[in-house]
Amino acid sequence: MADLLAYKTLRAENCAEFIIQKSRFIGHGCPCQSEEEALAFLSRIRQQHRDATHNCYAYIIGRNAGIMRYSDDGEPGGTAGLPIIEVMKARGVVDCAVVVTRYFGGVLLGAGGLVRAYAQGSKTALDAAGIVVMRKSARHMLEVDYSTWQRLEHFLRSAPCLVLGTEFGTSVVCTLMVRCEDEAHLLAEITRVCDGRVETLPDGTLYYPWPEEA
């Protein structure tokens, strides 16, 4: 059963840029846990690009998207902030902010051109920062002997989990992350693959960033 508490956000702050009709656009994306963090990110980008013509933005805070704000920052009304946030809403992300910086290149884009440009800037920012799905997940430590490790390693390559690290000592200790809805079945399969010769130690639950397609 799918995790109904899962939500989409951004992996890490990042940016990318493109040129349209000699105007330089830079899309910045950043995960933010609060409106204060979003405003601090905006302030930092504004300072970094204080010589830019516009720093238009949008942010969505709360897993239920309870706080949504956007600004055209001097562009004609409805041509910048709104297309930025509409792309964010279409991608389903929350707890994040997007700033699209524009350095005017001397060619007017018109209202339609601006809407397309700022929508592209939002998409560029989201793709650069990386969309992830935060899912309730369980961390486990597995310990096996070397004769069992080869079988376990082969199984884990296609199993619904992420291997976070492996330590080789007198035995092999593997740390993995599994979505809570897959946990019971995965542990049963690991026991089967290892013929019961595996020690498992639960190491807590948390919301963990999984790839969007996972």
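Let me start with a cysteine: the sulfur of C15 is 11 Å from the closest cysteine sulfur, in C30, so the two are too far apart for a bond. A disulfide here is a pair of cysteine sulfur atoms within 2.5 Å. By that rule the count is zero. C161 is in no disulfide either; its nearest cysteine sulfur, in C174, is 7.5 Å away.

A word on the source. This is a predicted model, where local features need pLDDT of at least 70 and side-chain atom pairs count only at pLDDT 80 or more, while totals for chains, interfaces and linings use all residues. Residues are numbered from 1 along each chain as its sequence is written, and side-chain values use heavy atoms, with hydrogens and water left out.

Are these cysteines buried or exposed? Buried means under 20% relative accessible area, exposed over 50%, and partly exposed in between, with a 1.4 Å probe and protein chains only. C15 has 41% relative accessibility, so C15 counts as partly exposed. C161 is at 11%, and therefore counts as buried.

Now the strands. Helices (H or I, at least four residues) and strands (E, at least two) are DSSP runs, numbered from the N terminus. Two strands pair if DSSP finds at least two bridges between them. Take β3, residues 23–31. Seven of its nine residues are buried. β3 runs antiparallel to β2, residues 14–20, with seven bridges joining them.

On to packing. A nonpolar core is a set of buried Ala, Val, Leu, Ile, Met, Phe, Trp, Tyr and Cys residues joined through side-chain atoms within 4.5 Å. The largest one has 27 residues. Those with the most contacts inside it are F25, I84, M88, V98, Y118 and L126. Which element gives the most to this core? It is α3, with six residues. Look at M88. Contact means heavy atoms within 4.5 Å. Beyond its neighbours within four places in sequence, M88 is in contact with residues including A58, I60, A97, V98 and L126. A second, separate core has 18 residues, among them C161, V172, C174 and L186.

K89 lies in helix α2. K89 has 41% relative accessibility, so K89 counts as partly exposed. Not counting residues up to four places away in sequence, K89 touches I60 and M68. G77 is twelve residues from K89 along the chain, and their C-alpha atoms are separated by 19 Å.

Last, helix α5, residues 180–193. It has 14 residues and reaches 20 Å from its first C-alpha to its last. That is close to the 20 Å expected at 1.5 Å a residue, where the expected span is 1.5 Å times one less than the number of residues. α5 bends by about 25° at L186. The bend at a residue is the angle between axes fitted to the seven residues ending there and the seven starting there. D182, L186, I190 and V193 are buried in α5. An α-helix has 3.6 residues a turn, so residues three or four places apart point the same way. What covers the buried residues of α5 includes β7, α4, β8 and β9. Just after α5, D195 takes a positive phi of about 55°.
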